[in-house]
Amino acid sequence: MADQHDGTRCVHAGLPDPVPGEPFLPGPVFAAPYHLDPWQGPAATPNGYGRPDNPTRRLLEAAIGDLEGGDCRVFASGQAAITGLLLAVLRPGDTVLLPADGYFPVRAFATDTLERLGVRVAFVPTVGPYPSLAGVRLVLVETPANPGLDVVDVPALAARARAAGALLAVDNTTATPLGQRPLDLGADLVVASGTKALTGHSDLLLGYLASRSAELLDTVTAWRTTTGAIPSPFDAWLAHRSLATLDLRLARQTANAEALARLLTDRPDVTGVRWPGLPDDPAYPVASVQLRRVPGVLSFDLGDADRVARFLDAARLVAAATSFGGLHTSADRRAQWGDDTTPGFVRLSCGVEDTVDLVADVTAALDAAGPGGAASAG
């Protein structure tokens, strides 16, 4: 499917060959045990027991793997995927570089768990500067970073990691595989939360890892089998169903993000607007080359927590909610979750509402929110 366009690939990814009388996407298989061959046992069939084996999950893995350009393993959540990667790959005495401005629970896991297990942890801003990678086992980057939306030059960092003998993993949650394919850019692994824009309906939790290395895939597969960090068959089926509209959803979300970014930039009562698609955004020089499309997430600062609350109260189309990438536009004040941001910093995720309606609603909500303290985004 490499010669087909994004929308076509999303609609057909992971579907079995057509059989008359059968559905396009088979329904979820809920089995825990399966019938075994009395003589050959599990060697006779790919399905032996529900924790390591499930045909619904394998179809979803084939679909995501096709979009990412590698083999895929899905997990119960994005956090399960990323902690599984860290615990499966790292050993006591190893060094891992993590984003200082990325997803806060990953940093908390590193300091609360990895360091206690004897792993040396270093935090580096997404845009660097990066130290020498000599002796580093794994470099993890999140690009565009959540929530600050900085972008790292993946091919350049991949070349440095490869020269030093380090692995490079890229968190592709914000961009999705339609926004960038890190494995094509030189990364060894992709990790992501499928909870967000990938599935996009705010109705399931999902994570995944993808790689072109059989050795790495075997390692994380063994970890998942042992720990049982699998999604349910129904969640896997829901996720696969949702992939078909990914191209359509992202197109509207990106258009909405561009319109809101331009609106917010022009308002004197809003500061620190970040969206990598704006030509004057610090991330634009790299993003304009590396990203195939800019995600529908932007950030800005309303000065203080009270003004953020007034804005969300006044908005009719912007829901106060955490997570991002869904059909409905949502926003949250990241400082309340532990992110190192100013009190008025807002991450806004554009949904698929009509652009003109969303712009009008955000304009009215900002006007109703009144003035706030001046602060720049952290």
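Lys 196 lies over the face of Phe 324, at 5.6 Å from the ring centre, and its charged end also sits over the ring of Tyr 103, 5.9 Å from the centre; a charge sits over a ring if NZ of Lys or CZ of Arg is within 6 Å of the ring centre and within 35 degrees of the ring normal. The model is predicted, with local features needing pLDDT of at least 70 and side-chain atom pairs counting only at pLDDT 80 or more, while totals for chains, interfaces and linings use all residues. Residues are numbered from 1 along each chain as its sequence is written, and side-chain values use heavy atoms, leaving out hydrogens and water.

A search of the whole structure finds two aromatic pairs, where rings of Phe, Tyr and Trp (its six-membered ring) pair if their centres lie within 6.5 Å, and planes under 30 degrees apart count as stacked, over 60 as edge-to-face and the rest as tilted.

| Pair | Centre to centre | Angle between planes | Type |
|---|---|---|---|
| Phe 234 and Trp 237 | 6.0 Å | 20 degrees | stacked |
| Phe 300 and Phe 311 | 6.4 Å | 85 degrees | edge-to-face |

The second pair links distant parts of the chain, with Phe 300 in strand 9 (residues 297–301) and Phe 311 in helix 10 (residues 305–314); helices (H or I, at least four residues) and strands (E, at least two) are DSSP runs, numbered from the N terminus. Phe 300 is buried at 0% relative accessibility, whereas Phe 234 is partly exposed at 39%, where buried means under 20% relative accessible area, exposed over 50% and partly exposed in between (1.4 Å probe, protein chains only).
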